[in-house]
Amino acid sequence: MKITMIGTGNAFAKAYYNNNALVETEHMKLLIDCGITLPYALYQSGKTFDELDGILISHIHADHIGGLEELAFQMMYTYHRKPVLYIAESLIEPLWSQSLQGGLAQGELNSIDCFFHVVALQPDVDVQLAEDLKVRLLKTDHIPGKDSFSFLINDHFFYSADMVFNPRLLLELQEAGVHTFYHDCQLESPGVVHTSLEQLLTLPLELQRKIKLMHYGDTIGNYIGKTGEMTIVEQGKPSIIE
Ligand SMILES: Nc1ccn([C@@H]2O[C@@H]3COP(=O)(O)O[C@H]3[C@H]2O)c(=O)n1
Ligand SMILES: [Zn+2]
Ligand SMILES: [Zn+2]
């Protein structure tokens, strides 16, 4: 499996695109999250919306869903194909009525199903998206009272999206055989709605060696050499995950 971060920046980063990922297997190209900057960032990476086999959404914040309107319109009017949207069932209605409806709805095109082939996912259930790509949603804490999900991919790869520090979950996943963690990282403490670098540095070194930092701010350059055993994911650079 190949993963390329189309962006590694946090919601306010200007030197980096929004933290969105392209996961590629032999049988599938899956976009994880589709933020405000995704349409431009994808274009800069030489790819088009039409190449995507599906889009997986973690939660409803603009750096994760703000590019969906353009994606939906381009798929409808440029590529004439309905994109597949993988999303937790609890997020479907709010995604439409609180975010997308204002821009997309027109006449009889008045539901999310007019624009996407929506596949509703349940937390803690493995879903085979392709013969070589399996995803499990894990409900994790981010904003109080709002659902947000992390992803376990092919049993061994954890992708936090946005979450507050949960060392117990990380240790449990390591125990269960997860060998690669892509984790959001709030560089300056406190993390508040994210996990801070300071918190991640309290993890055992063995676990730190498996963690790669993403969703960071523009000051990441000041932290090179200060991330313990953890490495920093580079935007646009593909990595192979077994
Ligand atoms: N309760 C909140 C809500 C939001 N925020 C900031 O706004 C950003 C929205 O995108 P994000 O990537 O979830 O990061 C959030 C915080 O920076 C925050 O700091 N506290
Ligand atoms: Zn975010
Ligand atoms: Zn968020």
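Q: In which order do the seven strands of the open sheet stand?
A: In this predicted model, they follow the order 7-8-9-10-11-12-13, with mixed pairing. Strands here are DSSP runs of E with at least two residues, and helices are runs of H or I with at least four, numbered from the N terminus. Residues are numbered from 1 along each chain as its sequence is written, while chains are lettered from A and ligands numbered from 1 in the order in which they are written. Local features need pLDDT of at least 70, side-chain atom pairs count only at pLDDT 80 or more, and totals for chains, interfaces and linings use all residues; side-chain values use heavy atoms, with hydrogens and water left out.

Q: What makes strand 7 and strand 13 stand at the edges?
A: Strand 7 (126-130) and strand 13 (231-232) each have a single partner strand, so one side of each has no neighbour in the sheet.

Q: How do you know that strand 9 and strand 10 pair?
A: Two strands pair if DSSP finds at least two bridges between them, and strand 9 and strand 10 (residues 157-159) share three bridges in the antiparallel sense, so they meet that definition. Phe158 in strand 10 is the bridge partner of Leu152.

Q: Why are His59 and His142 called buried?
A: Buried means under 20% relative accessible area, exposed over 50%, and partly exposed in between (1.4 Å probe, protein chains only). His59 has 3% relative accessibility and His142 has 5%, so both count as buried.

Q: Which residues coordinate the zinc ion (ligand 2)?
A: Asp63 (OD), His64 (NE2), Asp162 (OD) and His215 (NE2) do so, at 2.1 to 2.2 Å. Asp162 bridges this ion and the zinc ion (ligand 3), which lie 3.6 Å apart.

Q: Why are His64 and His215 counted as buried?
A: His64 has 0% relative accessibility and His215 has a relative accessible area of 3%, so both count as buried.

Note on methods: Donors = N, O, S within 2.8 Å, 3.2 Å for Na, K, Ca; no water.
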